[in-house]
Amino acid sequence: MASSPLPDFRPVSYSRVTLTELMIPSYANFGGKIHGGILLSLMDKVAYAAASKHAGTYCVTVSVDGVNFLQPVEVGELVSLLASVNYVGRTSLLVGIKVIAEDVRTGTVKHTNTSYFTMVAKDDTGKPTVVPGLSLESTEDTRRFLEAIKRREFNAQHRREFDNALTALAVEQQLYLLDNERCRITY
């Protein structure tokens, strides 16, 4: 049976996914809070779900931008991860994720993370494949798409500047930077 061709464009709403999971004691770290790795795993799952839904094919994570743990997540809280495709390139998709935690006893809801996962769509042979374009359904969708363009530009510029700085790094001339750091040269 032949698969039907992908549409030229899919709306942002088509990719929206919410994943909700109860935080159980086995997810806790030594400090009694939910381990960051658990949250990263859940973010990766929801990013995959949103990207694959939009692309209509398998997608892989190629980078993660901006994982900041704003507030701790507690055992017993319900964590919801809200994801949608914010931007598409030819074979790549940027998935925006907002993580909220709810204390079901008090009804208190807190925003714990926002992150952006870049995914690449793969065909059956494992090669990158073209994804449908993105239909922007609101000014919020348009703002997020434009922000993604700016984020890509900023990250590319930052990578170039950082690579240039590393290439030009002369250790003996930069030792003064260690004056107020907590290190000791022992060679």
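Arg 143 counts as partly exposed, at 34% relative accessibility (buried means under 20% relative accessible area, exposed over 50%, and partly exposed in between, with a 1.4 Å probe and protein chains only). Glu 140 is partly exposed too, at 33%. The two residues form a salt bridge, and their closest N and O atoms are 2.3 Å apart (a salt bridge is a side-chain nitrogen of Lys or Arg within 4 Å of a carboxyl oxygen of Asp or Glu). Because Glu 140 and Arg 143 are 3 residues apart in helix H3, about one helical turn separates them. Shared partners extend the picture: salt bridges join Glu 140, Arg 143, Arg 144 and Glu 147 into one network.

This is a predicted model, in which local features need pLDDT of at least 70 and side-chain atom pairs pLDDT 80 or more, while totals for chains, interfaces and linings use all residues. Residues are numbered from 1 along each chain as its sequence is written, and side-chain values use heavy atoms, without hydrogens or water.

How many salt bridges does a search of the whole structure find? It finds 9. One of them joins the side chains of Arg 151 and Asp 65, at 3.3 Å from N to O. Arg 151 lies in helix H3 (residues 139-167) and Asp 65 in strand S3, so the pair ties together parts that are 86 residues apart in sequence (helices, H or I with at least four residues, and strands, E with at least two, are DSSP runs numbered from the N terminus). Arg 151 is partly exposed, with a relative accessible area of 21%. Asp 65 is also partly exposed, at 24%.

Glu 74 and Lys 33 make another salt bridge through their side chains, at 2.9 Å from N to O. This pair spans 41 residues. Glu 74 sits in the loop between strand S3 (59-65) and strand S4 (78-88). Lys 33 sits in the loop between strand S2 (17-22) and helix H2 (36-55). Glu 74 is partly exposed at 26%, and Lys 33 is partly exposed at 31%.

Is Glu 77 buried or exposed? Glu 77 is buried, at 7% relative accessibility. This residue lies in the loop between S3 and S4. Its side chain makes a polar contact with the side chain of Lys 110, at 3.4 Å (a polar contact is a pair of N or O atoms within 3.5 Å; within protein, one must be able to donate a hydrogen and the other to accept it, and residues adjacent in sequence count only if both atoms are side-chain atoms). A polar atom of the Glu 77 side chain also lies 2.9 Å from the backbone nitrogen of Glu 74.

Five strands build an open sheet with antiparallel pairing, in the order S2-S4-S5-S6-S3 (two strands pair if DSSP finds at least two bridges between them). Why is one side of S2 and of S3 left without a neighbour in the sheet? Both stand at the edges, and each has a single partner strand.

S2 pairs with S4 in the antiparallel sense over 6 bridges. Thr 18 has Leu 82, in S4, as its bridge partner. Helix H2 packs on the sheet, touching S2, S3, S4, strand S5 (92-103) and strand S6 (108-121) (contact means heavy atoms within 4.5 Å).

Methods
Axes are lines fitted to C-alpha atoms, for helices over the stretch in contact, and angles run from 0 to 180 degrees between N-to-C directions.
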